[in-house]
Amino acid sequence: MTETKPRLMRRIHGMMFKLPLMITCEDFEDFILAYLEDELNARQKFVFEMHLKLCRECREYLAAYRISLELAKQSGKADPDALPAEVPEDLVAAVMAARDC
Amino acid sequence: MEADSRSQAAKLDDDDAIAGLMAGDAGLTELFVRQHIGWMLAVASRVVRDVHHAEDAVQNAFSKVFKNIGSFNRQSALKTWMHRIVVNECLMLMRKVERAETVPIDDLLPVFDGNGCRIEDAWAIMETPESLILKSDIRERVSEKIDLLPDNYRIILVLRDIEELTTQEVAELLDISEANVKVRLHRARAALKRLLEPLVRGQGI
């Protein structure tokens, strides 16, 4: 599964990302949250998306990041197939008893 | 609204609930407790990850609700106000609780080479959230992975991405800066992405 890029290609990539309007993957990483929350200005967004077009690693990373985020969000939502949870009678009783104190 | 109804389908609206609680009406109060206890327990369980502590947090939260209902200012829905209270009670409890095993965050963060280039395995298969969510017990498996995150990070991911609080609200609850919330949220998401990779790659976990 691992397919690490040959060293020469990585060096070329490293140099390319130093050109104007280019950022490294490490810089890209710092922009992800703001990008997803649409907080980047037009220039930052352009630079971010340019990197995304050129970099297979970041493209795949971001895609997996989004999927993982979506799964986290869904994990907190009730399973539509699950039966509705019963009201915990003991706890209701405890809450009501504490209120009477 | 019949105050004596114990049907779970019966729902108090905010006005009836507030009036009932302020008047100390036992029937309405019980109806109110039954109406809200389920989701409050679900929230508390997600935050504290322990059934007994979750129950304690819910009980404490109801005490706070009963005590402070007079000062509820109606700037939000009653449920939103109660959500903040239960989260806050969870956070207070968690300060006293040692949690089970977690994975150090540094082991889960993205890796870069000396040129600042990302080291990321090529993805042969990438499942979609839609297909993954149809798998049985997926929520449980994702929750188990979230549990492996250190609390400093896990709490922020749970509050922001699952409980859907704003960055500002999380910053206030935890008494840290918004910038700090953002940094930790991103790290938590990146770490979770690493933990969920086998699943997203179709390898199961």
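Of the 101 residues in chain A, 22% are buried (20 or more other C-beta atoms, placed from the backbone, within 10 Å of the residue's own). The model is a predicted one, in which local features need pLDDT of at least 70 and side-chain atom pairs count only at pLDDT 80 or more, whereas totals for chains, interfaces and linings use all residues. Residues are numbered from 1 along each chain as its sequence is written, and chains are lettered from A in the order in which they are written. Chain A has five helices and zero strands, where helices are DSSP runs of H or I with at least four residues and strands are runs of E with at least two, numbered from the N terminus. The order of elements in chain A is α-α-α-α-α.

Chain B comprises domain 1 (2-96) and domain 2 (105-200), with bounds from an automatic or database domain assignment. The domain centres, taken over C-alpha atoms, are 29 Å apart. Seven residues from domain 1 of chain B and seven residues from domain 2 of chain B form the contact (C-beta atoms, placed from the backbone, within 7 Å). On the domain 1 side, helix H2 (26-48) and helix H4 (78-94) of chain B each supply at least two residues.

Between the chains, the contact involves 49 residues from chain B and 43 residues from chain A. Helices that each supply at least two residues of the chain B side include H2, helix H3 (51-68) and helix H7 (151-162). H9(B) gives the most to this side, with ten residues.

Key
A residue is buried if 20 or more other C-beta atoms lie within 10 Å of its own, exposed if 12 or fewer, and partly exposed in between; C-beta atoms are placed from the backbone. Two residues are in contact if their C-beta atoms, placed from the backbone, lie within 7 Å.
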